[in-house]
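Please look over the sequence and the three-dimensional structure below before reading on. The notes that follow are grouped by topic.

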Amino acid sequence: MPDSTVVSLQHEEQHCPELLHHFADPQQQRDASSLGMWVFLATEVMFFGGLFCAYLIYRLKFFADFGAASKSIDATLGATNTAVLICSSLTVVVAVWAAQTARRTLLIGMLAVTMLLGFVFLGIKAVEYKDKFEEHHVPGASFSFDRVPIPGHPDQYANPQHAQLFFSLYFVMTGLHALHMVVGLGIFSWLLYAARKGRFTPEWHTPVEIGGLYWHFVDIIWIYLFPLLYLIDRHP
Amino acid sequence: MSMEIAIPQPVERENYLNKEYGVWSWLLTTDHKRIALLYLISITFFFFIGGFFALLIRLELLTPAGDLVQADTYNKLFTMHGMVMVFFFLIPSIPAVLGNFLVPMMIGAKDLAFPRINLLSWYLYIIGGVMMLHCMLTGGVDTGWTFYAPFSTNYSNTKIVEAGLAIFVAGFSSILTGLNFVVTIHRMRAPGLTWSRLPLFIWAHYATSIIQLLGTPVIAVTIVLVACERALHLGIFDPRLGGDPLLFQHLFWFYSHPAVYIMILPSMGVVTEIIACFSRKRIFGYSFVAFSSIAIAVFGFLVWAHHMFVAGMSVYAALVFSLLSYAVAVPSAIKVFNWTATLYKGSIHYDAPMLYAFGFLGLFTMGGLTGLFLAALGIDVHVTDTYFVVAHFHYIMVGGAVMGYLGGMHFWWPKISGRLYPEGWARLAALIVFIGFNLTFFPQFLLGYMGMPRRYYDYSHMPEFQVLNVLSTAGATVLGVGYLLPMVYFLWSMRYGKPASDNPWNAAGLEWKTASPPPTFNFDEEPVVTWEAYNYEELDAPHSEEVPVAR
């Protein structure tokens, strides 16, 4: 670390407009922001961790019922959504690279495409929810899951109550994930606005980087949700 | 080292208190010191609300018959007492007030890494607090602060969702404070301030922040599930639908046991600073004290199920959790031994902060050792849900955390306000708190061991318990006086107290090397640290200013 005289000199030299007063130099500011986002993502892991824990316990307890319930979800829609999100992660990476290399048009385009993919994801999700609603698979008074055979045991029917538990977890987990997507879209609309105003430079584009981190994290949650909710017991 | 060393400053220089005036200069401030004072006012408010509920509880238990309040009201009283004290006083107490004020100063930074997020955390706390107040005023909650399922999810007819959301919002405030501390401690230290030169207060807050960050999201998602369960009848905790209420307890205690360490670790940090200063010695076993904080944070996450020994858990799991609960006592004991070893052959000064630190040492040791009783499977079955448990955790939370908080408030009050508090009154208050505390809670150990259950408003079938209950209620009154006194003389000293010098205790630490009260950016020049923490031998050496500080 430099001593105090050097630090004050640096303050004189670098008139980075985005440097906040309590940081010594832009590097420190960038490191702090990035660490802050990583730490926040650690809290998010714990947040979803509680749900994954509940899922694990009930999946082991009601193994066959969960399989039957999972089979009723449209895996094609889920797979499409997975592809959509993976593509959006790619566009985020390109956006960060564009910000680093001062390609403003590319940055704006990639942020817009990312948001578009985010909306596509939420749209497909809404279709899924609508299907579940029409099939009476939403937990509550109108829930029904009668005479659905257990995969691999055509003579046995799944317990509707235990299947309802699967759908409870399905709606809570995908619902909270969708809520994170909405927050991500909010962040990205601000990024788009700031990018259009030309605020990001190769020296200062921390919001793009940490906003991108958040987006990747929400993608990764989906990468775990997809097999756990859609792909268990899919063998023909 | 009492007040006569203090040299009054003739001219008041510009500092964080007099730089700007007006409501908005406070409500929109991003200065960590001002935010700390906002927190101080808010948590004091909630402390007295929680204390009011406690007083009503103690008044009800004065007589064996359930005469002052009815059963439903009593249930709400202890629930709201617990929720307010845990989530709106104890958890933010030291971190959000003293930590907010001192973490940047102790590491030589101008502010926390994210000043606006710091302000946001206060607003979230206030939003949560207002929701909690509204919930209280419109009916309250009767489940106990633990809101166990399925009572909370299916049966209780009170405002659980609203109280849960209040705690959810306040939890985010806690997460953001922890996040700010972790990033600040990693990234904002002054040149030369290595990890091994950090004050142990910082290590304690670092460990606390880790727990806040990794624990709080779990209670957040648990509250979300409880709310969904009540609103949509999902069945995740409902045994009729195949759900498991034990899962709720596991998720709840996964946060709420480490939450105890959120309350006690900062207090340990405060006590470490005070003991070193008032023994005029380097802390004994610096690295052991530092790493024991981290060890408590880590082990603290692995012991939660000792709250559930009678809940129908697997016996083998219970054995493991019992063993781990013994293990978590080891780092706490390391701290107590190191504090004691610091006192040994120290030049001890009995100023008010030190009296609180002594109180902490004794009461925390009692609370910790009785915790081992509860970690033992056999004894726990005997005393589960009795006043023994109540006494145990009050020895930790009130005897430990609040003692440390008050000690810290006295120790840093000259720095915060620029004024000295009246030492005589402060020593008297420390004594009253100690006596009142023991009178309140020691009888509860006896009551619990004899079998008085907690959460009963009527013990008329066991009138022999009345004597000890009367003692406890009398003690609560004394304790109340002990808590009111500091508030009165702190407020008094803001106007009439003698002006404090920059370093009235002649203490080590960067926060004492700047003005009292500090300027807005804490230091006039960025400090460069060339000395080890707690260099009291050098500070007290004759002609210390001529001795080079590097060792």
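Two residues are said to be in contact if their C-beta atoms, placed from the backbone, lie within 7 Å. By that rule, the contact between the chains takes 33 residues from chain A and 35 residues from chain B. This is a predicted model, in which local features need pLDDT of at least 70 and side-chain atom pairs count only at pLDDT 80 or more, while totals for chains, interfaces and linings use all residues. Residues are numbered from 1 along each chain as its sequence is written, and chains are lettered from A and ligands numbered from 1 in the order in which they are written.

**Where chain A touches chain B**
- Helices (H or I, at least four residues) and strands (E, at least two) are DSSP runs, numbered from the N terminus, and on the side of chain A that touches chain B at least two residues each come from α1 (4-13), α2 (26-61) and α6 (160-196) of chain A.
- The helix that gives the most to this side of chain A is α2(A), with 17 residues.
- The residues on this side of chain A divide into 17 nonpolar, 13 polar and three charged, where Ala, Val, Leu, Ile, Met, Phe, Trp, Tyr, Cys and Pro count as nonpolar, Asp, Glu, Lys and Arg as charged, and the others, Gly among them, as polar.

**Helix α5 of chain A**
- The expected span of a helix is 1.5 Å times one less than its number of residues, and for the 31 residues of α5 (residues 104-134) of chain A this gives 45 Å, which agrees with the 45 Å between its end C-alpha atoms.
- A residue is buried if 20 or more other C-beta atoms lie within 10 Å of its own, exposed if 12 or fewer, and partly exposed in between, with C-beta atoms placed from the backbone; the buried residues of α5(A) include Leu107(A), Met110(A), Leu111(A) and Phe121(A).
- Among what covers the buried residues of α5(A) are α4 (75-100), α6 and α7 (206-230) of chain A.
- Just after α5(A), His136(A) takes a positive phi of about 60°.

**Chain B as a whole**
- Chain B has 16 helices and zero strands, and buried residues make up 57% of its 551 residues.
- Among contacts in chain B between residues at least 6 apart in sequence, 85% join residues at least 24 apart.

**Ala474 of chain B**
- Ala474(B) lies in helix α15 (residues 466-496) of chain B, and it counts as partly exposed because it has 16 C-beta neighbours inside 10 Å.
- The C-alpha atoms of Ala474(B) and Lys335(B), which are 139 residues apart along the chain, are separated by 33 Å.
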